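Reader: I would like to go through a structure feature by feature. Please give the general idea for each feature, then the case at hand.

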Amino acid sequence: MHVFADQANFDAYVSGFLWILKLTGAAAVLALLLGVLLAAFRVSPVPVLRGLGTAWVNIFRNTPLTLIIFFCYFGLFSTLGLSLAEDLDLNNYWLGVVGLSVYTASFVCEAVRSGINTVPNGQAEAARAIGLTFFQTLRIVVLPQAGRAVVAPLGSVLIALCKNATIVGTIGLMESSSVMKDLINSNGDAVIAIFAVFAGTFAALLIPTGYFFGWLANRLAVKR
């Protein structure tokens with residue numbers, strides 16, 4: 001552990017995981033909002049919206065995340081000149097958030113749609129009988145019930161998102177995996193110790209998260 005006794009190395013380690021948490025937090029919020037909207041599209045009675053939701057899920061869920069992140073950097077930024085921040089690290093951060101969000105939203109969409117399918121049809125029929133529109137029915141009646149059924153799947157998506165956030169290092173953001181690579185390159189005699197510290201930190205973050213979502217899913221489960 002002498003590697004982390006050096007203040008510069010320790011600061012880099014902490015900074016790397018802070019970037020991971022920032023990426024995960026921002027992408028999770030955007031992916032949840034977009035995923036719920038896409039789920040609404042997929043169960044919509046409007047064919048165009050259903051087609052849009054289906055196309056989004058099929059395209060992004062079956063495209064490697066690395067390619068999406070590369071497109072955000074080399075396509076949106078380098079080729080089209082889309083800059084999301086003046087600072088290079090912040091720009092790469094937001095490009096990473098965009099890539100992670102559009103990719104993760106496809107999985108959120110399918111999780112939410114599966115939850116919608118667990119709500120009895122009679123609930124929606126009763127809502128329509130009292131004059132609610134499709135989107136009012138979805139927002140007021142269906143989604144609150146569906147949300148309780150998809151806590152565990154959404155927890156799994158969040159954990160996967162946190163691990164996927166390391167891919168943003170491929171476009172230059174010094175997140176945890178990039179820091180680990182640099183530390184290993186500089187300290188070849190401590191490869192196992194460095195790997196153990198970084199892997200242990202991820203485990204310390206994600207294992208309790210998994211247990212928390214499992215507990216929450218049981219707590220909010222609808223007894224039928």
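Predicted model: local features only at pLDDT ≥ 70, side-chain atom pairs only at ≥ 80, totals over all residues.

Reader: How many helices and strands does the protein have?

Author: Helices (H or I, at least four residues) and strands (E, at least two) are DSSP runs, numbered from the N terminus. Here there are 10 helices and zero strands. The C-alpha trace spans about 70 × 45 × 25 Å along its principal axes.

Reader: What share of contacts joins residues at least 24 apart?

Author: Contact means heavy atoms within 4.5 Å. Among contacts between residues at least 6 apart in sequence, 76% join residues at least 24 apart.

Reader: How should I read burial, and what share of the residues is buried?

Author: Buried means under 20% relative accessible area, exposed over 50%, and partly exposed in between (1.4 Å probe, protein chains only). Of the 224 residues in the protein, 39% are buried.

Reader: Which residues have the most contacts inside the largest nonpolar core?

Author: In soluble globular proteins, nonpolar side chains tend to be buried together. A nonpolar core is a set of buried Ala, Val, Leu, Ile, Met, Phe, Trp, Tyr and Cys residues joined through side-chain atoms within 4.5 Å. The largest one here has 37 residues, and Leu 23, Leu 100 and Phe 198 have the most contacts inside it. Helices α1 (2-5), α2, α4 (65-79), α5, α8, α9 (176-186) and α10 (191-220) each supply at least two residues of this core. Its largest share, seven residues, comes from α2. Apart from this core lies another, of 16 residues, among them Val 108, Val 112, Ile 116 and Leu 138.

Reader: What is the volume of the largest pocket, and which helix gives the largest share of its lining?

Author: On a 1 Å grid over the protein atoms alone, a pocket is an open set of points with protein on both sides within 12 Å along at least five of seven lines, and lining residues have an atom within 4 Å of a point. Grid points are joined across faces, edges and corners, and a volume is the space filled by probe spheres set on the points. The largest pocket has a volume of about 200 Å³. Helix α7 gives the largest share of its lining, four residues, while α5 (88-118), α6 (121-129) and α7 (134-149) each supply at least two. Ile 116 and Leu 138 are among the lining residues.

Reader: How do the residues lining the second largest pocket divide?

Author: Ala, Val, Leu, Ile, Met, Phe, Trp, Tyr, Cys and Pro count as nonpolar, Asp, Glu, Lys and Arg as charged, and the others, Gly among them, as polar. The lining of the second largest pocket has 10 nonpolar residues, one polar and no charged. That pocket holds about 170 Å³ of space, and its largest share of lining, five residues, comes from α8.

Reader: Is Arg 42 buried or exposed?

Author: Arg 42 is buried, with a relative accessible area of 19%. This residue is found in helix α2 (residues 7-42). A polar contact is a pair of N or O atoms within 3.5 Å; within protein, one must be able to donate a hydrogen and the other to accept it, and residues adjacent in sequence count only if both atoms are side-chain atoms. One of 2.7 Å joins the side chains of Arg 42 and Glu 110.

Key:
Residues numbered from 1 in each chain as written. Heavy atoms only, no water. 1 Å grid on protein atoms, 1.4 Å probe; cavity = no way out; pocket = protein on both sides within 12 Å on 5 of 7 lines; lining within 4 Å.
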